[in-house]
Amino acid sequence: MSKDATLKRARVISTAAECTISTKTFTYGKSPSNSEEQLHAYAAWPADAVNEGKRLPGVLVGHTAIGWQEEFIYERCKAVASLGYYALAFDMFGGGELLLDPVKRKPKMDLINNDRNNLVHLVTQAYKEITSQPEVDADKIGGVGYCLGGKAMLDLARSGLPVRGVVSFHGILDSPQLDQHPPVKAKVLVLHGHQDPFSPKENIDAFVEEMERKEVDWQMHSYGGTLHGFTRPDKTTEKDRQAGFQTSPLNEKRSWASTVAFLSEVFADE
């Protein structure tokens, strides 16, 4: 943990008979929008593996457009931890609260969207934080992200950091202008709803062209008849659908199975 990290809470949760998950929240770094705001993290890992002295592969978990402090992200971290990895949900907003109000959320999102170098800075801070954790094997780092977090994972790959692989669940696909363009070292898995209105065809085409031009080891699974947010069990109403969101239990299951296989591949000893 970095020197300025402050432990907020630690607890142990039994999620299954065969796997006890430890969790904690803590602070690290500073928000790019306000130097007075600290960034926050939520971590989950298999307690028994750490107690045996093992260093675990680390998986960054990117939150949606409302923040890391929602049960959906906690559950995603625990699911990653149940695979034998150290999961760390990092913060792209600062301030320590969910941004459910669009008015409060807009300046945070604008900071990221108007200059994607700010997002690269945030994922770089998160990478440094997870590699500093004593439970983590710093040579085996990956990431998964949802919506905004999916976009963040793709920018983590674009950063050129030594990350094994990243997964984008219904992430926003595009090809951003960045100050630096190092070689992409990470393998990339994109899990995408074919009818997702937030990634129009021209953006997808630009993303594909970028991946091919940079000779990235990449793959995309496009789920037919599927909208944005298909992993989210709460997106069930007609209002959600009209806004472009709809849960898909079948494709949530398919996408998770693909992720489990992908992480197993990228973390395999070379």
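A: Of the 270 residues in the protein, 56% are buried, where buried means under 20% relative accessible area with a 1.4 Å probe, protein chains only. This is a predicted model, in which local features need pLDDT of at least 70, side-chain atom pairs count only at pLDDT 80 or more, and totals for chains, interfaces and linings use all residues. Residues are numbered from 1 along each chain as its sequence is written, and side-chain values use heavy atoms, leaving out hydrogens and water.

The largest nonpolar core holds 44 residues. Such a core is a set of buried Ala, Val, Leu, Ile, Met, Phe, Trp, Tyr and Cys residues joined through side-chain atoms within 4.5 Å. Phe 90, Met 92 and Val 188 have the most contacts inside this core. Beyond its neighbours within four places in sequence, Phe 90 is in contact (heavy atoms within 4.5 Å) with residues including Tyr 28, His 40, Leu 60, Trp 68, Val 123, Ala 152 and Met 153. A second, separate core has 30 residues, among them Val 59, Val 80, Val 144 and Phe 267. In soluble globular proteins, nonpolar side chains tend to be buried together.

For the protein as a whole, 65% of the contacts between residues at least 6 apart in sequence join residues at least 24 apart. The C-alpha atoms fill a box of roughly 50 × 40 × 40 Å along the principal axes.

Technical notes
Buried < 20%, exposed > 50% of the residue type's maximum accessible area, 1.4 Å probe, protein only.
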